[in-house]
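Subject: Handover of a structure and the findings from it

Dear colleague,

Please find below the structure that I am handing over to you. The findings follow directly after it.

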Amino acid sequence: MILIGFMGSGKSTVAHTLSDKMNLPVIDLDKEVVRMAGMEIREIFETEGEAGFRRREFEALDQVGDSECIVATGGGVVTYAPSRRLLQNMDVPVVYLHADFDTLYTRIKDDSNRPLVRSREQVNALYEQRLHIYRSAADHEIDCSASVEAVVSKLLAISQIRRV
Ligand SMILES: Nc1ncnc2c1ncn2[C@@H]1O[C@H](COP(=O)(O)OP(=O)(O)OP(=O)(O)O)[C@@H](O)[C@H]1O
Ligand SMILES: O=C(O)C1=C[C@@H](O)[C@@H](O)[C@H](O)C1
Ligand SMILES: [Mg+2]
């Protein structure tokens, strides 16, 4: 299962709970990029720009291949066409974790690890631009403004549907 969605939708958080319940490993693409680059996300953005980060994110996604796991993507993975194509070609459900902007912004506004979290207006513009991209890249959409446990239950239900 591949989790996509805006920053703060909880992809990394729910992936870990889901991993325990499904007994599958988690691949957190942001962590993979950091590990493969030997640099923090902020440092990659500073030295290589967002374009460099997207290429590294693509390489990390490409390495997932067909391994059975839960993938927590970075919030912007769908903005890079080669990564979108990879997602499309992976034979596992892609789930979009959706919430309204205010819910997400409250979760991320004080975290300095996300270079694209700037003013509220800038983050809101990014959210509006991306909404339709998440929706067109996903097989399923769930509301992630509920509790982590509730979100995980919905994801478990989706994983059951696809196994039949
Ligand atoms: N369902 C939830 N209810 C309340 N808080 C949540 C929920 N899911 C995640 N959070 C909180 O929101 C913050 C961001 O969560 P997380 O890092 O998992 O988001 P993400 O989707 O992985 O973001 P990114 O795209 O930047 O990787 C964390 O502080 C986390 O504890
Ligand atoms: O939404 C985005 O573009 C990003 C989200 C994070 O997960 C990181 O991948 C990085 O901070 C960029
Ligand atoms: Mg994350």
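Helix H2 spans residues 29-37, and within this helix Arg-35 and Glu-32 sit three residues apart, about one turn of the helix. The two residues form a salt bridge, in which the closest N and O atoms are 2.8 Å apart. Arg-35 has a relative accessible area of 55%, and because anything over 50% counts as exposed, Arg-35 is classed as exposed. Please bear in mind throughout that this is a predicted model.

Salt bridges

In general, side chains of opposite charge can pair when their charged atoms come close. Another of these pairs is formed by Asp-110 and Lys-109, with 3.4 Å between the closest N and O atoms. Asp-110 is exposed, at a relative accessible area of 68%, whereas Lys-109 is partly exposed, at 39% relative accessibility.

A further salt bridge brings together the side chains of Arg-135 and Glu-141, at 2.8 Å from N to O. Arg-135 is partly exposed, with a relative accessible area of 40%, and Glu-141 is also counted as partly exposed, at 40% relative accessibility. Elsewhere, Glu-50, Arg-54 and Glu-57 are joined into one network by salt bridges that share partners.

Helix H4

Which residues of helix H4 are buried? In this helix, which covers residues 81-89, they are Ser-83, Leu-86 and Leu-87. These residues lie on the same side of H4, because the arc they cover around the axis is only 100 degrees. Gln-88 and Asn-89, on the other side of H4, are exposed. The buried residues of H4 are covered by elements that include strand E1 (2-4), helix H3 (41-64) and strand E4 (94-98).

The largest pocket

The largest pocket holds about 640 Å³ of space. Its lining consists of 31 residues, and those nearest the centre of the pocket are Ser-12, Asp-30, Ile-41, Asn-113 and Arg-114. Helix H1 (11-22), H2, H3 and helix H5 (101-108) are the elements that give two or more residues to this lining. Which element provides the largest share of the lining? That share comes from H3, with six residues.

Annotated positions

An unreviewed UniProt entry carries the annotation "binding site" for Asp-30, Arg-54, Gly-75 and Arg-130. From this set, Asp-30, Arg-54, Gly-75 and Arg-130 are found in the lining of the largest pocket. The annotation "binding site" in the unreviewed UniProt entry also covers Ser-12.

Three of these positions are described in turn below.

Arg-54 lies in helix H3. Is this residue buried or exposed? Arg-54 has a relative accessible area of 5%, and is therefore buried, the limit for that class being under 20%. Apart from its neighbours within four places in sequence, Arg-54 is in contact with Gly-76, Val-77, Thr-79, Tyr-80, Leu-116 and Arg-130. As noted above, Arg-54 is also part of the salt-bridge network with Glu-50 and Glu-57.

Arg-130 is located in helix H6, which comprises residues 120-137. Arg-130 is buried, at 3% relative accessibility. When neighbours within four places in sequence are set aside, the contacts of Arg-130 are Phe-6, Arg-54, Gly-75, Gly-76, Thr-79 and Leu-116. Among them are Arg-54 and Gly-75, which carry the "binding site" annotation in the UniProt record.

Ser-12 belongs to helix H1. With 30% relative accessibility, Ser-12 is partly exposed. Beyond its neighbours within four places in sequence, Ser-12 is in contact with Asp-28 and Ala-72. Ser-12 is also one of the residues that lie nearest the centre of the largest pocket.

Yours sincerely

How values were computed. Residues numbered from 1 in each chain as written. Chains lettered and ligands numbered in written order. Predicted model: local features only at pLDDT ≥ 70, side-chain atom pairs only at ≥ 80, totals over all residues. Heavy atoms only, no water. Salt bridge = Lys/Arg side-chain N within 4 Å of Asp/Glu carboxyl O. Helix = DSSP H or I, 4+ residues; strand = E, 2+ residues; numbered from the N terminus. Buried < 20%, exposed > 50% of the residue type's maximum accessible area, 1.4 Å probe, protein only. Arc of directions from axis to C-beta. Contact = heavy atoms within 4.5 Å. UniProt positions renumbered as here; feature names shortened; annotations may be inferred. 1 Å grid on protein atoms, 1.4 Å probe; cavity = no way out; pocket = protein on both sides within 12 Å on 5 of 7 lines; lining within 4 Å. Points joined across faces, edges and corners; volume = space filled by probe spheres on them.
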